[in-house]
2 protein chains.
Amino acid sequence: MIRGSFRGWAVAAAWGIIMGATLQVHSDEGMWLFNQPPVKVLKERYGFEPTSEWLNHLQRASVRFNSGGSGSFVSPNGLVMTNHHVAADMLQKISTEQNNYLNNGFHAKHPSEEIKAKDLELNVLMSIEDVTARVNAAVTASMSPAEAFAARRKIMDEIEKESLEKTGLRSDVVTLYQGGVYHLYRFKKYTDVRLVFAPEKDIAFFGGDPDNFEYPRFCLDICFFRVYENDQPAKVEHYLSWSKEGCADGDLIFVSGHPGRTSRMYTVAHLEYLRDHSMPFILNYLRRMEVLLKTYGERSEENMRRAQDDLFGIQNSRKARLGGLAGLQDPVLFKNKRTAEDFLRKQIDSDPKMREQYGSAWDDVAKTLEAAKGIIRDYHLLERGLAFQGDHFSIARHLVRYAEESNKPSPDRLREYRLSNLESLKLGLFSDAPVYDDLEIVKLGDSLSMLMEMMPQAELTHKVLDGKSPKARAAELIRHSKLKDVAERKRLFDGGSAAIDASNDPMIKLAKLVDDEARRIRKQFEEQVEEPQRQAYAKLAKAHFAVFGDKVYPDATFTLRLAFGQVKGYEEEGRFISAMTQLGGTYEHSAKHGGKDPFKLPQRWIDRKHAINPRTPFNFVSTADIIGGNSGSPVVNTKGEVVGIIFDGNIHSLVLDYAFTDVQARAVSVHSAAIIEALRKVYDANDLADELTRGQAASR
Amino acid sequence: MIRGSFRGWAVAAAWGIIMGATLQVHSDEGMWLFNQPPVKVLKERYGFEPTSEWLNHLQRASVRFNSGGSGSFVSPNGLVMTNHHVAADMLQKISTEQNNYLNNGFHAKHPSEEIKAKDLELNVLMSIEDVTARVNAAVTASMSPAEAFAARRKIMDEIEKESLEKTGLRSDVVTLYQGGVYHLYRFKKYTDVRLVFAPEKDIAFFGGDPDNFEYPRFCLDICFFRVYENDQPAKVEHYLSWSKEGCADGDLIFVSGHPGRTSRMYTVAHLEYLRDHSMPFILNYLRRMEVLLKTYGERSEENMRRAQDDLFGIQNSRKARLGGLAGLQDPVLFKNKRTAEDFLRKQIDSDPKMREQYGSAWDDVAKTLEAAKGIIRDYHLLERGLAFQGDHFSIARHLVRYAEESNKPSPDRLREYRLSNLESLKLGLFSDAPVYDDLEIVKLGDSLSMLMEMMPQAELTHKVLDGKSPKARAAELIRHSKLKDVAERKRLFDGGSAAIDASNDPMIKLAKLVDDEARRIRKQFEEQVEEPQRQAYAKLAKAHFAVFGDKVYPDATFTLRLAFGQVKGYEEEGRFISAMTQLGGTYEHSAKHGGKDPFKLPQRWIDRKHAINPRTPFNFVSTADIIGGNSGSPVVNTKGEVVGIIFDGNIHSLVLDYAFTDVQARAVSVHSAAIIEALRKVYDANDLADELTRGQAASR
């Protein structure tokens, strides 16, 4: 699954660091901005011209899951469709030992039965405004990296604060093309989100880790929520109607969603850095967490229930990154990248003015990579919190830092504590999502052990461990902390520095102990890596514009993008893989694996086998250019009707982080027809199916 | 499980490198040499004096599994008892997609049905001879490390060759107390070994990875073989008779087996090296293999059958090493080690003569650790073969090296190609154990990827990959190699250098390509780490002898040792854990976990539930000092009768690598009574039960 959960790419972000921008466009390539759609390509290749109404409607019917993923409005009554795996985190949080909604599914027969999600924020992009000039004006060439970083942070915060005060909308300044362009995105925010329907995990994630990122597939990876305003289902103007037939082989389709991160603009040296440094480190970490969570989970069914969403996320990242590394270790990819880089450098070098303006970009990037090598491990351990895994430390750090940061004017604060982000921060911090002490101890114990492995000689390590073994220290910290109690969090949050200073909570004391060093390394990282890399890539982006023109799309940044492509099969090891699977194939696929987990079907699917039309299309692949974060994106036809929902990319698509290809890389979707068939025939959810298809009639 | 499979500790050995020796003895501590038994301690603590007949009988009834493990003769007709998990490798090798003996068990109702094992060698220790003087005489103080290394190798080879020629017995010179003592061990060798009985994996390894190294336990971790000579069951003079009652709480028991490796003599600096360098590296590697094999295995049942023995071994090592690392990360262990080291150094420093002779030992060790840090990664990748996992490369390397080494006189050869080891080498090399191309590609592909991660800039890496991605290169190598064919291996072996030079087999060419660099790094390792470390620990051993006298046991070296202890429970988190479990508890333990894998019982155990006496003792713990390699060791009472069989240590015992403790550390055994009860009531194996208990009557 291609979910771009924040957990997943909180880590990713630090390795990706600064995203690239702009590439030349071939075939169905591109994650396009809604205010800069690929009109020309669409017209030339497909004879289709999207109108601004078409684009505006699709944009406003698209939903971002701030927990990491995409979705769409599919009825006038605030019904939202996304993937089961995007919702998994939330399903896990509302589950208990008695009611395991993640595994067993859920269906609210009436709005009154809908279950309120914990700390889930949905965003709808309402407007885009170009603020490039204003941001650039605040940063001058004479500034040091530290000054530039601060000045940029400050102006971005000012713009956001102004916009929030003026419009009441969540306002984010988004960096595109690495400083080539800054856009102000305004979002309508929904925080009262309720669960309407989820299938069982065994059909949503049928085939589990073995089938993940593979094709053919047979997954009903869907989930429905409803957004509320003032305790009533929200009325939404823009929602997608449901296609009567769905899509067929060869059809042109569109994907509107939030691809997380791509690194297509990266220099060859940067890709080598990823291949030889970042990826091995992160993969070791992911394998470590996978084994840890798996061994914890296997001890009992309740343990597995507590750990499984984390575990899915980790396994998913591991498989995705292994695919990415395989791409980076393929000499063909590097040869192509090198050829492209050589071409661009030659163009730049051939023009003295361009050479002066942009010629140093590659070396500038290389310098930041050298700096990163010396900082990155400690940055991960201390600032990104790899050495202090679990909810307790994360809560403690927010409380400690907020107490300090809230004394400063908003633009001077660490960015996550800026005023415009306060509501989102509190949503997470005061969530009553369950926190399990035993799992917290396991995670924290292992990460303290990792701290000791990686920084055995550091004085800080010894202070953190306080003369105990990692496991004993973790148990002591978790058992004596009161941060599980939301009221205690609120007390410390509201009490500010005085409350934090007076607190004897061992977790608060740990967060304080670590903070100086963590801030120091963060500053070092920002000044020696992040900011100079941003400036170097801004140069590189301009070099691209200068040579190739500006008809290009920026690297993904978890902001709304439009992709397009065709429903289309592919060749693999001499065999042709058809674009579509059918519901009937699910049973054969299960039987082929002895019906054993993770190829076991839910009882309901076995019981209803004969009610289902086996020829109903189930999953399909297309050439659309997607990546993690696109999970849950609606797939629409030229009429803007839902024909499916993205839930994965195939194994060949994992290289799309670095370069587009449509030879074998494919996006994987659930077909709209399978959703209706399953709702009606398997789940007796005619109410929901009617709501979806009523929408279809109404909008035409 | 505490198995010390060669695979497991081929890796371990390189990290442990040179084993320690000698410690002061407290309580039931000690892995004693049979020619230096703990007579005084036994008499003082337990009022028991073993006679030399008692010792000789037990020694000759003990069996070493060269695949890594222990066992014993339990009938006059060559019947050998060991653990299911010691036999797992072999059970996997004789299994097919149709007959999965590893999972489903096996029972030969008649000798004609017994299945011949593939490349399994059993050794029985016939005699011990002290050759210290002769070895030491060959190495002089003026020699460089390289010269000393060669001289020692040469004299050991001479002694072994002489002994082999004289006695026809397998002859190994064993280094004990790190050059304090060299013993010549002569073994009777059995290579016609046939499977008699194995239970189902689900009861042998009941509770799987979650229960591994835990207690209370409910495992029938047993397996029976029979050794043959001249196609007839071998008549053995020394075999263990079966105790009528088995052991009870508080009983004195003995364990005769082959503990693999301990590092109790290591200096504090050396333990820090293990904690901060070796263990993190090896654990990353084990987690990597675990995730790789697990994801391969989960794709289908047949895949899992192919991978599962490897996977068990890896998971077992991972859990054991995590326990070991936890011990090393416990500041209490280091405090104790430091106190002991300070005491010894003070004693040595207080005597000018001792100071001159032994005083530099600690610094000498430290120097080798510094050297190791610069070599060890490449040594593992290239010489230990971590970069070329799978049977193909291992076979190719042996063929390439044998062709070269066989042109030299035996003492000048790399040690594994010495004449006295030739038969054992050929047994493995010409084994017709199945080799699965798909699994070979997965393993080799991943290890080539690891090579690229760890040595991305090395010229050798590029030569190895030959312009392809790791996966593509692995597939090409495996698909085009003919080494799966045993006849081809024989042809190349017999053809010597000419055949190797003429071979176009890509695997042979790869082994040749890597060989210069691998030999170079091996030589560097031997000269800068192995040999000076051996000399430093020899000094340290002598310092120990000088201060504490010689009533001490050497660190484990996978040679026969005698341990003793009491059947005895322990406290854990405020709860008392009884020494014994009962057969009836098995069903409760399964039910508590919903009867799901790995807590699923074999159908036969469910069907026969009411036939079994639920009060029969099943597993028990004792204070005996054991470690990996002791798996399958017979547990005997003062009469030398079988009362059980070792199969594991509890979680607290994992620190025994570094220091003995009997506060919570326990050895875990299957009780003799449970074996008979299960054979008769569950498996209808009265023939086998009769053979075991007939032996009991006959020997008294």
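**Entry 1: a helix pair in chain B.** I looked up helix H15 (residues 391-405) and helix H20 (residues 486-502) of chain B, and found that their axes come within 8 Å and cross at roughly 45°; the axes are lines fitted to C-alpha atoms, for helices over the stretch in contact, with angles from 0 to 180 degrees between N-to-C directions. That makes H15(B) oblique to H20(B), since angles under 35 degrees count as roughly parallel, over 145 as roughly antiparallel, 65 to 115 as roughly perpendicular and the rest as oblique. I note that helices are DSSP runs (H or I, at least four residues), numbered from the N terminus.

From H15(B), the contact uses Ile395(B), Leu399(B), Val400(B), Tyr402(B), Ala403(B) and Glu404(B), and from H20(B) it uses Arg489(B), Leu492(B), Phe493(B), Gly496(B), Ser497(B) and Ile500(B); two residues are in contact if their C-beta atoms, placed from the backbone, lie within 7 Å.

**Entry 2: provenance.** I keep in mind that this is a predicted model, in which local features need pLDDT of at least 70 and side-chain atom pairs pLDDT 80 or more, while totals for chains, interfaces and linings use all residues. Residues are numbered from 1 along each chain as its sequence is written, with chains lettered from A and ligands numbered from 1 in the order in which they are written.

**Entry 3: the two chains.** I find that 29 residues from chain B and 29 residues from chain A take part in the contact, and that H10(B) gives the most to chain B's side, with eight residues. Because 100% of the interface residues of chain B are also interface residues in chain A, the copies meet through the same surface.

Note on methods
Helix = DSSP H or I, 4+ residues; strand = E, 2+ residues; numbered from the N terminus.
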